[in-house]
Amino acid sequence: MNLAARWLELADIKDELAARDWFPGTSGNLAIRVSDDPLEFLVTASGRDKRKRTPDDFVHVDAAGRLIGEQTGKPSAETLLHVEVFNRTDATCSLHVHTVDNNVISELHAATGEVVFTGQEIIKALGYWDEDAVVRVPIIENHADIPTLAAAFAPHIQANAGAVLIRNHGITVWGETPAAAKRYLEAYEFLFSYTLKLRALGVHS
């Protein structure tokens, strides 16, 4: 798939997630693989209002997250997270969003270093079909220094699909295809919202 086609694919995902209000205050960033040899990808340009679509929404970067050629924007702050995903897996798309629900979940479960889900139908969207399947999402500390954050994030990248919560920061989800990554993100956010609503009712899942 060529660069223009990938740009449109990522822009469509951005529009869908923006409609859910998952990019408050220009937060969050998205990335999509453009080529494997050499590894190149598109990533959200820093500071862009993701509720709007413009020709400058994404920048083209190399395997280290550096701009390729002359471009007007600069890569999002968390580009190194996507660098780790694309260098360690064959994932095509990596999505990082800050929502109230994923921030609250990360804080509630920070002491255990993970949040665990089981018994919910929606986990089938994550590829878990066994009736007693268990889904674990690791939680890492929110290091202000991005290389340090990327180093803490990297050990949890063990397959072509996965997710990591950053405490009081957001979630990064990646998948084999852009559609899969978006589906996984939607499923995780459903689980977070469901769990918090149960807690608000005094029920602890």
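**Exercises on burial, packing and contacts**

Asp62 counts as buried because its relative accessibility is 17%, buried meaning under 20% relative accessible area, exposed over 50%, and partly exposed in between (1.4 Å probe, protein chains only). The model is predicted: local features need pLDDT of at least 70, side-chain atom pairs count only at pLDDT 80 or more, and totals for chains, interfaces and linings use all residues. Residues are numbered from 1 along each chain as its sequence is written, and side-chain values use heavy atoms, with hydrogens and water left out.

**Exercise 1.** Locate Asp62 and list its contacts beyond four places in sequence.

Step 1. Asp62 belongs to strand E3, residues 58–62. Helices (H or I, at least four residues) and strands (E, at least two) are DSSP runs, numbered from the N terminus.

Step 2. With neighbours within four places in sequence set aside, Asp62 is in contact with Leu39, Glu40, Phe41 and Ile68; contact means heavy atoms within 4.5 Å.

Step 3. For a distance check, take Ala125: Asp62 and Ala125 are 63 residues apart in sequence and 31 Å apart in space, C-alpha to C-alpha.

**Exercise 2.** Determine which residues have the most contacts inside the largest nonpolar core, and which element gives the largest share of this core.

Step 1. A nonpolar core is a set of buried Ala, Val, Leu, Ile, Met, Phe, Trp, Tyr and Cys residues joined through side-chain atoms within 4.5 Å. The largest has 38 residues, and Leu17, Ile171 and Tyr188 have the most contacts inside it.

Step 2. Elements that give two or more residues to this core include helix H1 (3–19), strand E1 (29–36) and helix H5 (178–200). The largest share, nine residues, comes from H5.

Step 3. Leu17 is in contact with Trp22, Phe23, Leu30, Leu95, Val97, Lys182 and Leu185, leaving aside neighbours within four places in sequence.

**Exercise 3.** Classify Lys182 as buried or exposed, and give its contacts.

Step 1. Lys182 lies in helix H5.

Step 2. Its relative accessibility is 15%, so Lys182 counts as buried.

Step 3. Outside four places in sequence, Lys182 is in contact with Ile13, Glu16, Leu17 and Leu95.

**Exercise 4.** Describe the packing of helices H2 and H4.

Step 1. Two packed helices are described by the angle between their axes and the distance between the axes. Axes are lines fitted to C-alpha atoms, for helices over the stretch in contact, and angles run from 0 to 180 degrees between N-to-C directions.

Step 2. H2 (residues 79–88) and H4 (residues 146–153) pack at an angle of about 30°, with axes 9 Å apart.

Step 3. Leu80, Leu81, Glu84 and Val85 of H2 make the contact with Ile146, Pro147, Leu149, Ala150 and Phe153 of H4.

Step 4. These residues divide into eight nonpolar, no polar and one charged. Here Ala, Val, Leu, Ile, Met, Phe, Trp, Tyr, Cys and Pro count as nonpolar, Asp, Glu, Lys and Arg as charged, and the others, Gly among them, as polar.

**Exercise 5.** Classify His82 as buried or exposed, and list its contacts.

Step 1. His82 is placed in helix H2.

Step 2. At 0% relative accessibility, His82 counts as buried.

Step 3. Leaving aside neighbours within four places in sequence, the contacts of His82 are Asn29, Leu30, Ala31, Phe41, Val43, Ser94, Leu95 and His96.
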